[in-house]
Amino acid sequence: MTTALITGSTAGIGAAFARRLAADGHDLVLVARDTKRLREQATELHDRHGIEAEVLTADLATDDGIEAVAARLGERRKPVDLLINNAGFGNKGRFLDVPMADELTMLKVHCEAVLRLTSAATEAMRDRGRGGVVNVASVAAFVPRGTYGASKAWVVQFTQGVARDLAGSGVRLMALCPGFVRTEFHERAGMGTDNIPNWMWLDADKLVAAALKDLARGKTLSVPDPRYKTLMGATKLVPRGMLGGITSKTGRKYGPQ
Ligand SMILES: NC(=O)c1ccc[n+]([C@@H]2O[C@H](COP(=O)([O-])OP(=O)(O)OC[C@H]3O[C@@H](n4cnc5c(N)ncnc54)[C@H](OP(=O)(O)O)[C@@H]3O)[C@@H](O)[C@H]2O)c1
């Protein structure tokens with residue numbers, strides 16, 4: 001029996017990872033801020049799949065929260081085999097509209113927490129000679145798209161760099177880059193979604209299934225859907241200035257994903 005730790009497990013993409021990994025027989029460590037919701041999720045997954053689900057309440061925008069999760073990842077007697085760094089959020093508005101405190105919170109959750117948790121997890125995994133880390137980024141990483149896209153670009157570069165550094169150690173790392181996914185993300189950020197075309201929306205369960213396949217294949221970067229693979233390919237052909245003009249408007253009126 002292996003154990004996976006998922007940050008942001010209670011909603012959206014994280015909840016889809018939890019459902020799928022529990023169905024596959026993995027024990028889970030569920031991380032988010034809302035303890036009641038975490039307990040309900042743990043009970044449901046235990047009852048449905050017979051797996052053990054631990055609850056770890058932590059706010060990854062705080063040092064205490066990051067340290068608590070890092071400590072769990074470093075526990076040698078209850079090893080974590082797979083880390084899904086998924087917790088994240090969007091800030092509504094363009095640069096200078098968003099308070100600096102909120103920008104810094106985003107960097108803390110998207111970058112600092114991912115750095116420190118990846119470090120804690122991979123140190124223990126390297127010693128055991130096996131393990132995996134999925135860092136949830138976004139297709140926004142590849143286009144000029146505000147501070148959200150910049151933080152996700154960091155996640156992609158960081159993950160692929162560490163994957164290279166740890167090649168041959170038995171530890172796999174992969175950056176997962178979804179397009180628009182129907183989750184609580186946009187509502188939480190107060191972003192409308194009415195004008196995002198239907199074809200751009202991905203299903204969280206299908207996204208997770210494709211991501212886990214890519215991880216098993218040893219990919220360090222996963223853009224799981226053919227629609228977004230095509231779009232990402234097209235971005236390489238469009239001059240950067242023109243791309244900025246298009247992508248800073250597409251969906252951005254309604255907020256970045
Ligand atoms: N939805 C999209 O279109 C989309 C597209 C590309 C990438 N992504 C990325 O996918 C990841 C998951 O997003 P989602 O769409 O699934 O969002 P979501 O439905 O809003 O879920 C976010 C999860 O993260 C947790 N969380 C938020 N802030 C946290 C914090 N400070 N500390 C600990 N946990 C925290 C939330 O629980 P609590 O509130 O209880 O803490 C919740 O479980 C994010 O990294 C996001 O940037 C999303």
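Where is the place of Asn91? In this predicted model, Asn91 belongs to the loop between β4 (82–85) and α4 (100–128). Its relative accessibility is 12%, and residues under 20% count as buried, so Asn91 is classed as buried. One of its polar atoms lies 3.2 Å from the backbone oxygen of Asp102.

The ligand sits in the largest pocket.

In total, 32 residues surround the ligand. The closest are Thr10, Arg33, Tyr148, Thr183 and Arg188. By residue class, the shell divides into 15 nonpolar, 11 polar and six charged residues.

A polar side-chain atom of Tyr148 lies 2.6 Å from a ligand oxygen. The backbone takes part as well. For Ile13, a backbone N or O atom lies 2.8 Å from an oxygen atom of the ligand. For Ala11, the corresponding distance from a backbone N or O atom to a ligand oxygen is 3.4 Å. Taken alone, the ligand exposes 890 Å². The protein buries 97% of that area.

Conventions
Residues numbered from 1 in each chain as written. Predicted model: local features only at pLDDT ≥ 70, side-chain atom pairs only at ≥ 80, totals over all residues. Heavy atoms only, no water. Near = heavy atom within 4 Å. Polar contact = N/O pair within 3.5 Å; in protein donor to acceptor, adjacent residues only side chain to side chain. Areas by Shrake-Rupley, 256 points an atom, 1.4 Å probe, with all protein chains shown as cover. 1 Å grid on protein atoms, 1.4 Å probe; cavity = no way out; pocket = protein on both sides within 12 Å on 5 of 7 lines; lining within 4 Å. Sits in = over half its atoms within 2 Å of the grid points. Nonpolar A, V, L, I, M, F, W, Y, C, P; charged D, E, K, R; others polar. Helix = DSSP H or I, 4+ residues; strand = E, 2+ residues; numbered from the N terminus. Buried < 20%, exposed > 50% of the residue type's maximum accessible area, 1.4 Å probe, protein only.
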